[in-house]
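Q: Please take a close look at one part of this structure. I am new to it, and I would like each term spelled out as it comes up.

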Amino acid sequence: MAHLDGLLATDLVEIADVAADPGVLDGGGWWAVLVTFEGSMTGYRFASVVPSDLPPAGRWKGPAVDEWHGSLDRPGYLDGVQRIRGHIEAGDVYQVNLCRMLSAPLADQADPWALAHRLADGNPAPYQGVLAVDDGWVVTASPELFLRRDADLLTSAPIKGTTPPLEPFADKDYPENIMITDLVRNDLGRIGRPGSVIVTGLLNREEHPGLAHLVSTVQTRLAVGMGWAEILAATFPPGSVTGAPKIRAQQVISELEPVPRGPYCGAIGYVDADAGRARLAVGIRTFFASRGPAGRTLNFGTGAGITYSSDPEAEWVETELKAARLISLAGA
C-alpha cells in the first residue's frame, strides 16, 4: 500500500524501473514513486486509489535513543565542514550539503503504519507519506516540495535555512537560499518554455514543529514534448540537498560521506499520468527500513548546507535539531 497526499493506494499491479524507462510515468496509471539520492528510481502502479486517512495500524516498537549510530561522528562531521570550506576557497564549489546517516536495530514486528501515525500526530508535515511494499518501506514527514506538476505547470520549492522556532536565521541562510533558488531556476529553465520561469516566492519563513525554514518557490511552463525523462534528467537530485554547482557538489559528497543516502535526500511521492498531476517531496525527515546480515535496520538522515561562512559547530547543531524531534517520536 501507499498513502500520499491524502490518497490511499492499494492493489499493486506493476513495479517498474523508472531510471531505465522514465516514459512509463507518461503512459498512464497512478504511480507511487521512490527515488534514491544515488539515482535508483522505482515506480509502483496501483489499481485502486481513493481519498483516505491513514489506515489503522499495528504495533510500533522503535529503537531506544542510545541504539542509534551515525555514519559520521561529531569530529568527522566538523572535519567534513572544514574540507568543504577548503573546496570553496579553491573555487571548486559554492555550497555543499553535508549529511550523516543514522541507523538503529528495528524489531520485526514494528509496523510502519504505526510510525506514520506517530509522525502525523507529533510532527505534522506538508508531504507526509508512506510506501510499504513487501519487507521494504519508507515513512516520510517531509516539509519540502521537490516537484509539483499540474498539466504543464511545474513547481519546485527548495528549502535552505533552518533555525529553532521564533529564532532569527543566520546571516548565511539568506544568500544560501538565493543561491539554491537560482540553481533550481536554471534546472527548470532547461525544460521550460522560454521566459516562463518565475520565482513566485523568495525567502519565505515557514514554521514547522520544532524548527523554522526559509523557503522559495519557482515555477515554469513545460516546453512542448517534455516528459518525465526530461523532467527528471533536468532536476534530479534536488539542488537543496546537493549544492552548487550540482555536479561538482555531488562529487564532493561522494568523497566525504562514507555511506549511501538511499531514499534520504531522494524523492518520494506520486505521478498520476492519467490526470497529468504529480506530487514529489524531497526525501528529508524520512525513515526507511533495510535488511542486512544482522537483521532489520531503521535508517534516518540529517544534514546541513555548508558555505564558506559556515561555523562547523553550528552546522553540527543544525543536524541535531533536524533529527531530535523525529528520532524521539520513533523511539521505544
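A: The largest cavity holds about 190 Å³ of space. The model is predicted: local features need pLDDT of at least 70, side-chain atom pairs count only at pLDDT 80 or more, and totals for chains, interfaces and linings use all residues. Residues are numbered from 1 along each chain as its sequence is written, and side-chain values use heavy atoms, without hydrogens and water.

A cavity is a set of points on a 1 Å grid over the protein atoms alone, where a 1.4 Å probe fits but cannot get out. A volume is the space filled by probe spheres set on the points, which are joined across faces, edges and corners. The structure holds three cavities of 30 Å³ or more.

The lining of the largest cavity has 24 residues, and K160, I284, R285, G303 and K322 lie nearest its centre. Lining residues have an atom within 4 Å of a point. Two or more of them come from each of β6 (95-105), β11 (159-163), α3 (173-189), β18 (295-306) and α6. These are DSSP runs, numbered from the N terminus: helices are H or I with at least four residues, strands E with at least two. β18 gives the most, six residues. By type, the lining has seven nonpolar, nine polar and eight charged residues. Asp, Glu, Lys and Arg count as charged; Ala, Val, Leu, Ile, Met, Phe, Trp, Tyr, Cys and Pro as nonpolar; the others, Gly among them, as polar.

Now take α6, residues 312-329. Its 18 residues reach 27 Å from first C-alpha to last, close to the expected 26 Å (1.5 Å times one less than the number of residues). The helix bends by about 35° at A323, the angle between axes fitted to the seven residues ending there and the seven starting there. K322 and A323 are among its buried residues, with under 20% relative accessible area to a 1.4 Å probe, protein chains only.

A pocket is an open set with protein on both sides within 12 Å along at least five of seven lines. Of its 16 lining residues, T162, A170, D173, A314 and E318 lie nearest the centre. The largest share, five residues, comes from α6.

The second largest pocket has a volume of about 210 Å³. Its lining includes W316, E320, A323, A324 and I327. Here too, α6 gives the largest share, five residues. This lining divides into eight nonpolar, one polar and three charged residues.

Conventions
Buried < 20%, exposed > 50% of the residue type's maximum accessible area, 1.4 Å probe, protein only.
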